[in-house]
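Student: Before we discuss terminology, could the structure be shown, so that each label can be set against its definition?

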Amino acid sequence: MEKIWQEAAAMQEELVSRRRDLHKHPESAWTEFRTASMVASTLEELGYEVLCGSEVVQAEAMMGVPDEEVLAKAMQRALAEGADPRWVEKMRGGKTGVVGIMKFARPGKVVGMRFDMDSNEVDETNEATHRPASEGFRSVHAGLMHACGHDGHVTVGLGVAGMLARHKDEMCGVLKIIFQPGEEGVRGARAMVASGIVDDVDYFLSGHIGFNANRDNMLACMTDGFLATTKLDAHFKGKSSHAGAAPEEGRNALLAAAAASIALHSISRHGKGVSRINVGVLDAGTGRNVLPDRAVIKLETRGGNTEVNEFMVSEAKRMLKASADLYNVEVAIDEVGGAPSCSLDEEMGREVYDLATASGKFAEVVPKVNLGASEDCSYFMERVQQQGGKAVYMMFGSVLKAGHHNSAFDFNEDCLPKSVAFLTVLARHFAAK
Ligand SMILES: [Zn+2]
Ligand SMILES: [Zn+2]
């Protein structure tokens with residue numbers, strides 16, 4: 001095992017340079033054409049069977065996909081920045097998921113690992129104290145930034161893929177390394193799960209850099225408290241008219257949206273778990289003297305479990321429709337993102353804890369932390385568990401320069417080789433069970 005840790009430590013420079021290249025070229029949900037092509041090419045070079053596009057992303061289950069024009073521009077940008085056209089073509093329509101599969105000679109279990117690839121819609125700071133700015137790897141895509149650490153996740157995923165390919169003679173079973181688009185806004189996992197890609201997975205591993213593991217050299221073995229969530233856009237359509245001469249001829253979409261916003265925040269709490277609702281955007285009307293014929297609100301619900309969230313969603317839809325009726329306008333509701341809650345596999349988590357402790361490589365090994373947010377990895381975990389497999393979600397420790405999604409977010413790159421080594425150890429352990 002010591003060999004694995006040494007080899008990963010020797011990869012520091014390679015990992016840092018890959019992370020910095022990804023950091024410089026962030027791509028948001030469903031537009032990860034450059035990132036995903038690079039992932040596919042690297043996996044192919046390493047000898048993996050590579051699946052992408054429609055093979056691993058089911059079009060009907062994609063949520064919150066940008067419009068054609070945005071996708072076309074992102075494809076062009078990726079090609080201009082060196083993406084392999086062969087892969088980009090297969091990913092048309094935003095189907096930027098990639099899976100690398102390797103079957104080993106010795107029998108064993110199917111191990112799945114998932115890494116998310118997308119950036120945030122954040123303008124990266126230019127402050128000299130921000131290392132990406134001072135060391136020349138700040139985002140070159142205006143309005144986009146890797147502010148969550150997914151540049152690190154892709155880097156770690158490819159690092160693990162390399163390690164296990166080099167050590168394939170010592171491996172058992174089957175390895176599936178999954179690179180997911182669109183985690184932000186919880187949009188991508190459902191479509192990959194719907195493709196059936198994790199249906200045969202016995203042991204599933206995933207995780208995140210930072211969050212509650214916000215100290216260097218720390219590892220959290222299990223994560224609890226995944227909130228189920230649903231993201232809805234409601235489009236109200238009324239009729240415009242002269243606000244002075246003929247207000248009675250109009251139908252007011254702005255008032256319907258405003259009434260809905262108030263009503264939504266008064267949905268009853270639920271006895272079976274915590275719940276959340278937030279109307280984050282209300283945009284309406286066209287001009288001061290025009291009766292507003294259009295309005296849109298963007299909202300999200302969350303629940304401590306899937307049942308509570310489903311209650312929130314059905315109440316939210318009822319209130320949106322009732323508010324539209326109240327003002328005699330129409331409403332169209334789009335589901336643009338979502339994730340279920342999920343439960344832990346304590347037994348598997350305990351093995352992760354024992355291996356982490358036995359390695360002696362972490363200053364701090366924490367059995368369990370609470371996420372208190374949503375992560376659509378829960379779709380993968382839920383499906384694996386439904387099929388009889390086990391899943392854990394870890395957190396890889398790093399001091400953070402600023403919180404996730406902040407324009408000054410940055411993590412300590414020393415967590416990259418550590419994560420590569422430990423995930424390699426875990427993959428070997430669980431495949432051999
Ligand atoms: Zn995030
Ligand atoms: Zn994230």
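Tutor: In this predicted model, Lys237 stands opposite Glu330 of strand E10.

Student: What makes strand E7 and E10 paired strands?

Tutor: Pairing requires at least two bridges found by DSSP.

Student: Why is Asn217 called partly exposed?

Tutor: The class lies between two cut-offs: 20 or more other C-beta atoms within 10 Å for buried, and 12 or fewer for exposed. Asn217 has 18 such neighbours, so partly exposed is the class that applies. Asn217 sits in the loop between strand E5 (203–209) and strand E6 (218–226), and its phi is near 65°, a positive value in a residue other than glycine.

Student: Is Asn328 buried or exposed, and how do you know?

Tutor: Asn328 has 12 C-beta neighbours inside 10 Å. The limit for exposed is 12 or fewer, so Asn328 counts as exposed. Asn328 belongs to the loop between helix H10 (306–326) and E10; its phi, near 60°, is likewise positive in a residue other than glycine.

Student: What makes the crossing of helix H1 with H13 a contact, and which residues make it?

Tutor: Residues are in contact when their C-beta atoms lie within 7 Å. On the H1 side the contact is made by Ile4, Trp5, Ala8 and Ala9, and on the H13 side by Pro417, Val420, Ala421, Thr424 and Val425. By class there are eight nonpolar residues, one polar and no charged. The axes of H1 (residues 2–10) and H13 (residues 415–431) come within 8 Å and cross at roughly 150°, in a right-handed crossing.

Student: How many residues of each domain are in contact with the other?

Tutor: The domain assignment gives domain 1 (2–225 + 341–431) and domain 2 (228–339). Of domain 1, 12 residues are in contact with 12 residues of domain 2. The side of domain 1 that touches domain 2 comprises four nonpolar, five polar and three charged residues. The domain centres, taken over C-alpha atoms, are separated by 35 Å.

Definitions and conventions:
Residues are numbered from 1 along each chain as its sequence is written. Chains are lettered from A and ligands numbered from 1 in the order in which they are written. This is a predicted model: local features need pLDDT of at least 70, side-chain atom pairs count only at pLDDT 80 or more; totals for chains, interfaces and linings use all residues. Helices (H or I, at least four residues) and strands (E, at least two) are DSSP runs, numbered from the N terminus. Domain bounds come from an automatic or database domain assignment. Two residues are in contact if their C-beta atoms, placed from the backbone, lie within 7 Å. Ala, Val, Leu, Ile, Met, Phe, Trp, Tyr, Cys and Pro count as nonpolar, Asp, Glu, Lys and Arg as charged, and the others, Gly among them, as polar. Axes are lines fitted to C-alpha atoms, for helices over the stretch in contact, and angles run from 0 to 180 degrees between N-to-C directions. A crossing is left-handed if the near helix is turned anticlockwise from the far one by less than a right angle, and right-handed if clockwise.
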